[in-house]
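Visitor: Please show me the model, and then take me through its packing.

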Amino acid sequence: RILSYALLAAVAAASIQIATAEKKAGKQVPDALNFTMKTLDGEGVALEKYQGKVVLLVNVASECGLTPQYKQLQQLHEKYAEQGLAVVGVPCNQFGAQEPGSAAEIRNFCSQEYGVTFDMLAKVDVNGEGASDLYRYLTQLETKPTGAGEISWNFEKFLIDRQGNVVARFAPRTKPDSPEVIAATEEALKQE
């Protein structure tokens, strides 16, 4: 047991040294990815896991007129994941109560109706006092073409580049396969 504790202490010390060295080397977590959320399974997930990827973050809902965008989001995921795109769905029930389901219901709906295999986070609020810290951060940024301000409806999209910069924000009705989303995504994927 003493050896086990000593080994654990050595591993912990080495981890701290590595983390400190990475920070000194400029590998700090970008602000846009410096949040912890929960998955649909209720597990904590640090968004820093997406560091070095291009992230398309979308607040989603299952009973919205825009819900068919799940199909286009899945197509983007399938086309660009190997190049470094991470599509991330964030369910929200703040707009017309169009995401009333439990985590299991959301997962089943997305899987059965649209074959979703991209990452889905737990349901959160994106506006108001109860808004998640991530969305409080994102909505205060002056990001083109939409600008700063509250989320207007389901399926608003934020594009985050490999360095963790929020490089675009698209309105809900701007489809994931629209020329402007594709162009911005491909441009971000080209960057190292």
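The questions below go through cores, sheet and aromatic pairs in turn.

Visitor: What kind of model is this, and what pLDDT do side-chain atom pairs need?
Guide: Residues are numbered from 1 along each chain as its sequence is written, and side-chain values use heavy atoms, leaving out hydrogens and water. This is a predicted model in which totals for chains, interfaces and linings use all residues, local features need pLDDT of at least 70, and side-chain atom pairs count only at pLDDT 80 or more.

Visitor: Which residues touch the most other members of the largest nonpolar core?
Guide: A nonpolar core is a set of buried Ala, Val, Leu, Ile, Met, Phe, Trp, Tyr and Cys residues joined through side-chain atoms within 4.5 Å. Buried means under 20% relative accessible area, exposed over 50% and partly exposed in between, with a 1.4 Å probe and protein chains only. Among the 27 residues of the largest core, those touching the most other members are Tyr70, Leu73, Leu85 and Met120.

Visitor: Which residues does Met120 touch, not counting those up to four places away in sequence?
Guide: Contact means heavy atoms within 4.5 Å. With residues up to four places away left out, Met120 touches Thr39, Leu40, Val60, Tyr70, Gly89, Pro91, Ile106 and Cys110.

Visitor: What residue in S6 stands opposite Val55?
Guide: S3 and S6 (residues 157-160) run antiparallel and are joined by four bridges. Opposite Val55 stands Ile160.

Visitor: How far apart in sequence are the parts that Phe95 and Trp153 tie together?
Guide: Rings of Phe, Tyr and Trp (its six-membered ring) pair if their centres lie within 6.5 Å; planes under 30 degrees apart count as stacked, over 60 as edge-to-face and the rest as tilted. Phe95 and Trp153 have ring centres 5.5 Å apart and planes at 45°, so they are tilted. Phe95 is buried at 7% relative accessibility, whereas Trp153 is partly exposed at 33%. Phe95 lies in the loop between S4 and H3 and Trp153 in the loop between H4 and S6, so the separation is 58 residues.

Conventions
Two strands pair if DSSP finds at least two bridges between them. Helices (H or I, at least four residues) and strands (E, at least two) are DSSP runs, numbered from the N terminus.
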